[in-house]
Every structure is written in C-alpha cells, then in structure tokens.
Amino acid sequence: MTFQPSVATSPPTLPDSTPPLPPISAETPAAKAGPSNLRLRVIWGVIGAALLLGSVWFSPWTFGLFFAVVQAIMLWEFYRMMRAGGYAPATWLGVGASLLLFAVIHAWQGLPQYWHAQANNTYVKIGNASVAIGSGASPEQHMVVVAWALAGIAAILLVLFLILVLREIFLWPSSPSPFVNVAITVGGIFYISIPISLLQVIAYNQSYSSDLPHYDYRRIFALLFLIWASDIGAYAVGRAIGKHKFAPSISPGKTWEGWAGGFVMTLVVGWAIGYMLPDMPLTHRLVAAGVVAVFAPLGDLAESMLKRSVGVKDSGSIMPGHGGLLDRFDAFLLVLPVLALLQLLVG
C-alpha cells in the first residue's frame, strides 16, 4: 500500500469589502497641529503673571481675593495628591477652614488701615479749606484686632480638629487610618494655607512710613522678584556648569553650582530693589534676599519629595504646561513663615 502525500490547501479567500484608502497627495490637508508645550507654557505664564501682578497692584482687596483662591486651590491639590497616595483627608472641611483662616488674617492686617483711611478721608469745609477730621485707628484698637485675630485662628483650628475627629468616629471602620487622615488634613493647612495667609503680614508695612500697617504692593513685587531671581539664577548656572548634585534622590536636576548661582542673583536683586523700596534699609533687603535664597529651593525640594512619595508627576493641571498652582508657588511655603516672623519681630 502506498501513501500519497497530502497537499495542504488553503481555504478560499473572500473578497475584501474594505474600500482602499485614498492615496496621500500634496493637496490632502494635514491634521491641524495643536500648540507646542513651550507655546502653552508661554501663553499661560503670561496670563498667570498678569493676573498675579494686576491683583497685587490694584488694591488690597483684589490681592487678598486672589491669594485666598490660590491657597484654596493649592490645598485642594495637596489633598488630591494625598488621596492618590491612599489616604483620605477631609478635603472640603480643610479648604473651608483655610478660607476662614485667610479671612481672619486679612482682617487682622487690613482693618486698622481701613479705619485709618476712613478717618483721614473725612473732611469738613472751613472757609475755602477742607480739613481732615478723625485720627484713625489707635494703637489700642490695633491691639484689639490682633487679639481677636489670634483668638479666631486658635478657635478655627480647634473646631476643625474636633470636627475631624468626630468625622473619623462616624466613618470607622470604613476609614482604616483615622488619625492619619486628621493629621494630613490639619497638616495641609499648616503646610500651605497658613504660609500663604502670612503673605498678608509681609504686604502691610508698619515700620518705614507710618505707625499703623498700610498695604504696600511694592513689597509683594519685591518678594516675587527675589523668588524669580533665585529660580532663574539656579536654572541658568546649573545648566551651564552644574555638576555636583544637590539632592539627586529628590530632584536630579538641581546642583550645588546652581544653588550658588541662584544665591548670588538673589542678593543682587535684593540690592537692586532698593530703587523700588528706598525706605527699606539695605540690611533688611539683603536679609530678605538671603532667606529667599536659602528657603525657596528647599520649598521646591519639599514639594518634589511630596510628589515622589505619592507617585504623581504634577500637583494639578490648572495651568497647561506648568502643572498645578502648588507646583508654581511651592517656593513660597518655606520662605513666607520665616519672612513673616522677621517682619513681626523687627519690621
């Protein structure tokens, strides 16, 4: 018996019903490309800078409103990152308490100036002359405002802590880490909201021009210029000659050479802002510049460490090309408590 090799036959092919793609010709329009990342960064950077500088320059009320919203968004971004890390902070309770704290500190700094301005802008007509009446807020009234502000801050924090504990009691056992959640909620306020609120202490000048606090937008401009100088100087020098890593496990791009370049540029700007603030002594300007040069990079590193600890790249996406507001204002968070303390102690 002989075996004949079988020949494999392929199944019959069916006609392809998919119509052929048209050939690409020079006349075929290409898909419209979106704006590049650099272009987005420039556009949103200009918009953000205009809103920031405009609100600071226009009035103390627009300044307060702008930074009240900024710190609330920053705190919301912080809580969002903590949720990404597996925690469960009380987001809306924390944000609400932060707005109350900001309002209390705003009243602390702004009310004496408001009373003073109202009194000094009240005139009576005597003959052909207009004479101002009233003396504004007295030092005793100012101390009353300070006492009420400190009491209000303490009350807000205490009530928030009690509400958070009660919240965790009612959520137990679905919330497995109750006191961690309480600590994160309160910690976010101390990390973000209180430092940004203390910006109002720096904005009100009490020593150089009058015996009562008055809003001076130039002081906020000066602080912004110092922080930008620290960032730009560190970036430029680090890109040019940076070799020795500053904190490679947190931010591999930062170098000691870049930090030194940022320090020098910040001191130079600290000297130069004397043209904008001639009533501020040079010693005070250089001390403020030194504080910024040291603590602004540390604030940036702290936020980078926070993001790495919870595995996120950016704190948010509110500014395309720039990330979140916490990414933009992280340098403020360690600078402001130190400058506000110096402002309260020595003016």
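These legends accompany several close-up views of one predicted model.

The model is predicted, so local features are given only at pLDDT of at least 70 and side-chain atom pairs only at pLDDT 80 or more, while totals for chains, interfaces and linings use all residues. Residues are numbered from 1 along each chain as its sequence is written, and side-chain values use heavy atoms, with hydrogens and water left out.

**View 1. The whole chain, for orientation.** The chain has eleven helices and six strands; helices (H or I, at least four residues) and strands (E, at least two) are DSSP runs numbered from the N terminus. Of its 347 residues, 40% are buried, where buried means under 20% relative accessible area, exposed over 50% and partly exposed in between, with a 1.4 Å probe and protein chains only. Contact here means heavy atoms within 4.5 Å. Among contacts between residues at least 6 apart in sequence, 68% join residues at least 24 apart.

**View 2. The aromatic pair of Phe67 and Phe329.** The structure holds 16 aromatic pairs, and this view shows one of them, edge-to-face at 6.2 Å centre to centre with 80° between the planes. Rings of Phe, Tyr and Trp (its six-membered ring) pair if their centres lie within 6.5 Å; planes under 30 degrees apart count as stacked, over 60 as edge-to-face and the rest as tilted. Phe67 sits in helix α2 (residues 60-84) and Phe329 in the loop between α10 (325-328) and α11 (332-346), so the pair ties together parts that are 262 residues apart in sequence. Look around them for the rest of one aromatic cluster, made of Phe63, Phe66, Phe67, Tyr204, Tyr215, Phe329 and Phe332.

**View 3. The aromatic pair of Trp271 and Tyr275.** Here is another edge-to-face pair, with 5.9 Å centre to centre and 90° between the planes. Trp271 is partly exposed at a relative accessible area of 46%, and Tyr275 is exposed at 67%.

**View 4. Helix α5 against α11.** Helix α5 (residues 178-197) packs on α11 at an angle of about 50°, with the axes 8 Å apart. Axes are lines fitted to C-alpha atoms, for helices over the stretch in contact, and angles run from 0 to 180 degrees between N-to-C directions. The two helices are therefore oblique to each other: angles under 35 degrees count as roughly parallel, over 145 as roughly antiparallel, 65 to 115 as roughly perpendicular and the rest as oblique. Tyr191, Ile192, Pro195 and Ile196 of α5 meet Phe332, Leu333, Leu336 and Pro337 of α11.

**View 5. Helix α7 against α11.** The axes of α7 (residues 217-241) and α11 come within 12 Å and cross at roughly 135°, which makes α7 oblique to α11. On the α7 side the contact uses Arg219, Leu223, Leu224 and Ile227, and on the α11 side Phe332, Val335, Leu336, Leu339 and Gln343.

**View 6. Val292 and its surroundings.** Val292 lies in helix α9 (residues 282-310) and is buried at 0% relative accessibility. Beyond residues up to four places away in sequence, Val292 touches Leu223, Leu226, Ile227, Ser230, Thr266, Pro297, Val335 and Leu339. The C-alpha atoms of Val292 and Leu223 are 8.3 Å apart, although 69 residues separate them along the chain.

**View 7. Gln200 and its surroundings.** Gln200 is part of helix α6 (residues 199-203) and counts as buried at 0% relative accessibility. Neighbours within four places in sequence aside, Gln200 contacts Phe63, Phe102, Ile105, His106 and Gln109.
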